[in-house]
Amino acid sequence: MESLLSVFWPYFLMVLALALIFGFAAQRSAFCPVGGVREWVKERNPVRLATYFGAIGVVIAITAWLEAAGLVSLNTTTPPYRSGDLAWGRYLIGGFIFGFGMVLAAGCGMRNLIRVGEGSFKGLWLVAVMSVVAYIMTRTEFFASWVLPVVAPMTTTLSAGQQDLGTLLASSDSVESARLWLGSVIGLALLAFLLWRFSAFRRPGPILTSLVIGGVVAAGFVLTGGDYGQYLQEEAMFMETPPNGLATQSFTFAAPMGDVVYYFSDPQWALVTFGVIAVFGLAIGSLISALMQGTFQWKGFASIKDAWLSTVGAVMVGFGAVLAMGCSIGHGLTGTATLALGSFMALAAILAGAWVGVKLEKHWQ
């Protein structure tokens, strides 16, 4: 274990630093995809939804430039966003379930981790439920035996070999330049539209939040897939017990919540992954921000009905996120940064599920 720590402690600290920044910024800005959908549908308030899409625009553009500069390659990531198997059934069904569940649970995994840092027992309970469901889906036979046989036929194997837009739209000898141009155009056009269409987004707060969160997600790719990340993977090959989950990756809170449960079942440094650190770091970053603002406050459920509905939503979030192979952060920011078609499909399904949930919310409130 000493050899593992002696090599990986700088990596663990850098991942923690990125997670702390993410959590701090998300708490300070109330960054929340489903909250943005709810405010847009009910009040036509665009700020939080525009900030979410602003972060998407930032990370798509920055990641395209980083990959073009040779600082990272996103062809092999965890999860495999650019896989040649387009699991459209998982993206659409899982994404919709996840989006609807977000409404019941008043937030995704990321948002409820932020609430944990703010002193919410409700958030802690919902994170625990999401984590257990994710563990069951990823670490037991449940998914392979009961879920995969249903969704496996809803997969298309692409002849191009990868599903990113650059590969799908360009010839084989111009894929890299296509990724650069597509990432730049999509990312910058999205930002330009938000700045032009919504005056509320032009304030320093939303813009800074988009830049920070989008930048942190892009930095995660460089840390894990750049020269340093490659060095760590090479070093791990010579270790008797190497760390789990070493690969090019960035923030997602679907499978990592299950990884936290797995870690607690057998605590050891080899089970401390990027995702495990991200889960704890996000909550700690939120806690730091809440304490600095003086907004930390112990809170629970509003009622028994709230507890039941939120718990059902947490089950749907955990189930849907693993089924879709990503969440509103994993697909919405990290996945779209790779220009993966499946991530855009999952993001659309997540937003559709959230929109339907908000529209139906009056029936159970």
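A residue counts as buried when its relative accessible area is under 20%, as exposed when that area is over 50%, and as partly exposed in between. The model is a predicted one, and with that cut-off Thr338, at 0% relative accessibility, counts as buried.

**Two residues in their surroundings**

- Thr338 is placed in the loop between α15 (330-337) and α16 (341-360), and, once its neighbours within four places in sequence are left aside, Thr338 is in contact with Leu74, Tyr81, Arg82, Asp164 and Phe221.
- Gln230 belongs to helix α11, and because its relative accessibility is 35%, Gln230 counts as partly exposed.
- When neighbours within four places in sequence are left aside, the contacts of Gln230 are with Gly225 and Thr248.
- Between Gln230 and Tyr52 there are 178 residues of separation in sequence and 31 Å in space, taken from C-alpha to C-alpha.

**Nonpolar cores**

- The largest nonpolar core is made up of 81 residues, and those with the most contacts inside it are Phe8, Phe22, Met110, Phe251, Phe253, Ile329 and Leu333.
- Helix α1 (residues 2-29) contributes 11 residues, which is the largest share of this core.
- Phe251, one of the residues with the most contacts inside the largest core, touches Leu18, Ala19, Phe22, Val216, Val217, Phe274, Ala278, Ile329, Gly330 and Thr334, when residues up to four places away in sequence are not counted.

**Aromatic rings**

- A pair of aromatic rings is described by how far apart the centres are and by the angle of the planes.
- There are 19 aromatic pairs in the structure, and one of them joins Phe251 and Phe274 in an edge-to-face arrangement, with 5.2 Å centre to centre and 65 degrees between the planes.
- Because Phe251 lies in the loop between α11 (227-236) and α12 (255-265) while Phe274 lies in helix α13 (residues 274-293), this pair ties together parts that are 23 residues apart in sequence.
- Both Phe251 and Phe274 are buried.
- Phe296 and Trp298 also form an edge-to-face pair, at 4.9 Å centre to centre and with 80 degrees between the planes; here Phe296 is partly exposed at 26% relative accessibility, whereas Trp298, with a relative accessible area of 59%, is exposed.
- One aromatic cluster is formed by Phe8, Tyr11, Phe12 and Trp269.

**Charges over rings**

- Arg44 lies over the face of Trp40, where its distance from the ring centre is 4.9 Å.
- The ring of Tyr262 has the charged end of Arg139 sitting over it, 3.9 Å from the ring's centre.

**Cysteines**

- A disulfide is a covalent bond that links the sulfur atoms of two cysteines.
- The structure holds 0 disulfides, and Cys32 is therefore in none, its nearest cysteine sulfur being that of Cys108, 5.9 Å away.

How values were computed:
Residues are numbered from 1 along each chain as its sequence is written. This is a predicted model: local features need pLDDT of at least 70, side-chain atom pairs count only at pLDDT 80 or more; totals for chains, interfaces and linings use all residues. Side-chain values use heavy atoms; hydrogens and water are left out. Rings of Phe, Tyr and Trp (its six-membered ring) pair if their centres lie within 6.5 Å; planes under 30 degrees apart count as stacked, over 60 as edge-to-face and the rest as tilted. Helices (H or I, at least four residues) and strands (E, at least two) are DSSP runs, numbered from the N terminus. Buried means under 20% relative accessible area, exposed over 50%, partly exposed in between (1.4 Å probe, protein chains only). A charge sits over a ring if NZ of Lys or CZ of Arg is within 6 Å of the ring centre and within 35 degrees of the ring normal. A disulfide is a pair of cysteine sulfur atoms within 2.5 Å. Contact means heavy atoms within 4.5 Å. A nonpolar core is a set of buried Ala, Val, Leu, Ile, Met, Phe, Trp, Tyr and Cys residues joined through side-chain atoms within 4.5 Å.
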